[in-house]
Amino acid sequence: MITLLHVPYSRSLRVRWLLEELGLPYELATRSFADLKRPEHLALHPLGKVPVLVDGDVVLFESGAILQHLLERYGSGRLEPKPGTPERARYWQWFHYAEASVTPPLGLIVRHTVLLPEAERIPAVVEHARAEAQRVLAPVERALAGQSWLLPDFSAADVMMGYSVKLASLLRLLGAETPNLVAYLARCEERPAYQRASR
């Protein structure tokens, strides 16, 4: 049995969404922020974060790595272009861009508006991070012009990016200037697997 250690609205949504897209049975172990600091959780994730996936004798953290593991072990070629194709190269580009480029400024905004004690929050960091978020979202906005997904078909790259775009929306970074991203997020949220994962 696959077990996913999960906190709502966190990156573990990516993993839960992919599990639902693939139709894999799994146990959801929802955690509180206090739980993440307990020794038993730190033994699974040294930074006290989620997601953590337990799949038999495999224990993994990092949402992108977990998605790659699930696709390799259970995907049977689903939600990924064929290896060696130009589509596969673009797939990996957007798969990694979601976490490596889009999510970091969003994380800074969350840290300096929600997570840190008020006395430690730095407004200038938030201002800079919001500008950087707009800059890194712009290529995604352009890539979605005239198409529904990052590739011709829905893929796991959209699972990675869909979470990042959802977080950007929660931080009020989407609007009239990002119509493609707004429509893209709506399409993601309409998927039955996303809806089951978001419950």
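## A buried glutamate and its partner

E20 is buried, with a relative accessible area of 17% (buried means under 20% relative accessible area, exposed over 50% and partly exposed in between, using a 1.4 Å probe and protein chains only). Please keep in mind that this is a predicted model, in which local features need pLDDT of at least 70, side-chain atom pairs count only at pLDDT 80 or more, and totals for chains, interfaces and linings use all residues. Residues are numbered from 1 along each chain as its sequence is written, and side-chain values use heavy atoms, with hydrogens and water left out.

The partner of E20 in a salt bridge is R196, and their closest N and O atoms are 2.8 Å apart (a salt bridge is a side-chain nitrogen of Lys or Arg within 4 Å of a carboxyl oxygen of Asp or Glu). E20 belongs to helix α1 and R196 to helix α8 (residues 192-197), so this pair ties together parts that are 176 residues apart in sequence. Helices (H or I, at least four residues) and strands (E, at least two) are DSSP runs, numbered from the N terminus. R196 itself counts as partly exposed, at 29% relative accessibility.

The structure holds ten salt bridges. In one of them, E21 meets R191, with the closest N and O atoms 2.7 Å apart. Here too, distant parts of the chain are linked: E21 sits in helix α1 and R191 in the loop between α7 (179-190) and α8, 170 residues apart. R191 is partly exposed, with a relative accessible area of 22%.

E189 forms a salt bridge with K166, and their closest N and O atoms are 2.8 Å apart. With E189 in helix α7 and K166 in helix α6 (residues 156-170), the pair ties together parts that are 23 residues apart in sequence. There is also a network of salt bridges linking R11, R14 and E99.

Now for the strands. In β1 (residues 2-6), five of five residues are buried. I2, L4 and H6 lie on one side, T3 and L5 on the other. In a regular strand the side chains alternate between the two faces of the sheet.

β1 runs parallel to strand β2 (residues 26-30), joined by five bridges (two strands pair if DSSP finds at least two bridges between them). T3 has E27 as its bridge partner in β2. With strand β3 (residues 52-55), β1 pairs in the antiparallel sense over four bridges, and L53 in β3 is the bridge partner of L4.
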